[in-house]
Amino acid sequence: MTGEHDCVKAKCKPHECKPLAASTVRQIHAILSGTLGAAERWDWIDSNPCRSVKRPKQKPPEPDPPSPKEAARLAEKAFSIDEDWGTLVWLVMTTGIRRGEACALRFTDLQIDWDDTAGDSDGILEVRRNYVRRAGISKEKATKTHQMRRIALDSETVTLLREHRERVKKRVEALGRKFTDDLFVFSGSKTPDHTEPYSPNAVTQRYKDMAARLGIDTHIHSLRHYSATEFLTAGVDLRTVAGRLGHGGGGSTTLRVYAAWVAASDRKAAEILASRMPKRSRSRRDDK
């Protein structure tokens, strides 16, 4: 039987009480409100007391995407490390898909003409699943919005994916396995036969280490922000950007997160319209 714990001997830090984070309070409120709302509908209680509770305000999102120069350096570095890794980074950068969605991709999700020798056709990426790992358990589940979405791919991305598929096919066949389009598009070094997806946590850490070596303070999710802000800055409409990102609410989430870039795009649109308007002739009063 061991003795009592000695905090002085163990050099334990004194306990410091801290309030719950605002996000935690909102989550607890949502759970209680939903539960008490059901109780009210079932006439177990007269009213839902959560309606009169004031929740803490949600902190405005502050996306910090890499600059175009930084994005170019990141993509170039990724390809110099490994062609497969470069393809993954490029795909996330150009489509804005989430980390877990990229890891869950199978070749069957890529609507591409693999036999097109010209290599100049476009393609479609279907986002159907999300790959998560929690408490040491990995599993595929539905996307965050529980909806499948289709994202158009440009010809350069299609070419990269064709080359990637050919590399994977040769690698799998070299291991004496049969290649099928049910295999995962991206896989880690521990599963070269692509029967298991790339671990999302491993993707995050590898990207973070790569960015640190370049002296860029960023993370893999910032590539999603980069994709969104570049589209908005280029004048792509809000609904299209929201659809590519998989945001629900008809663009309300996209507007809330990227309000600054939407405003910049709106100013650009105003200048475009103004440039197409006929020039006003100066009045005689102005000439005096």
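These legends describe close-up views of a predicted model. Local features need pLDDT of at least 70 and side-chain atom pairs count only at pLDDT 80 or more, whereas totals for chains, interfaces and linings use all residues. Residues are numbered from 1 along each chain as its sequence is written, and side-chain values use heavy atoms, without hydrogens and water.

**View 1. The chain is divided into two parts, domain 1 and domain 2.** Domain 1 covers 22–52, and domain 2 covers 68–259. These bounds come from an automatic or database domain assignment. The domain centres, taken over C-alpha atoms, are 38 Å apart.

**View 2. Helix 4 packs against helix 6.** Helices are DSSP runs (H or I, at least four residues), numbered from the N terminus. Helix 4 spans residues 83–95, and helix 6 spans residues 155–174. Their angle is about 145°, and their axes lie 10 Å apart. Axes are lines fitted to C-alpha atoms over the stretch in contact, with angles from 0 to 180 degrees between N-to-C directions. The crossing is left-handed: the near helix is turned anticlockwise from the far one by less than a right angle.
Helix 4 contributes Glu83, Asp84, Thr87, Trp90, Leu91 and Thr94 to the contact. From helix 6 come Glu156, Thr157, Leu160, Leu161, His164, Arg167 and Arg171. Contact means heavy atoms within 4.5 Å. By class, the residues are 4 nonpolar, 4 polar and 5 charged. Here Ala, Val, Leu, Ile, Met, Phe, Trp, Tyr, Cys and Pro count as nonpolar, Asp, Glu, Lys and Arg as charged, and the others, Gly among them, as polar.

**View 3. Cysteine 17 is exposed, whereas cysteine 103 is buried.** Cysteine 17 has 67% relative accessibility. Cysteine 103 has a relative accessible area of 1%. Buried means under 20% relative accessible area, exposed over 50%, and partly exposed in between (1.4 Å probe, protein chains only). The whole structure holds 0 disulfides, a disulfide being a pair of cysteine sulfur atoms within 2.5 Å.

**View 4. Histidine 225 is a buried residue of helix 8.** Helix 8 runs through residues 222–233. The relative accessible area of histidine 225 is 11%. Its contacts, leaving aside neighbours within four places in sequence, are Pro63, Asp64, Pro65 and Tyr258.

**View 5. Aspartate 43 and histidine 194 have positive phi.** For aspartate 43, phi is near 65°. This residue sits in the loop between helix 2 (22–41) and helix 3 (68–81). Aspartate 43 is exposed, at 67% relative accessibility. For histidine 194, phi is near 60°. Histidine 194 belongs to the loop between helix 6 and helix 7 (200–213). Histidine 194 is buried, with a relative accessible area of 2%.

Methods
Helices (H or I, at least four residues) and strands (E, at least two) are DSSP runs, numbered from the N terminus.
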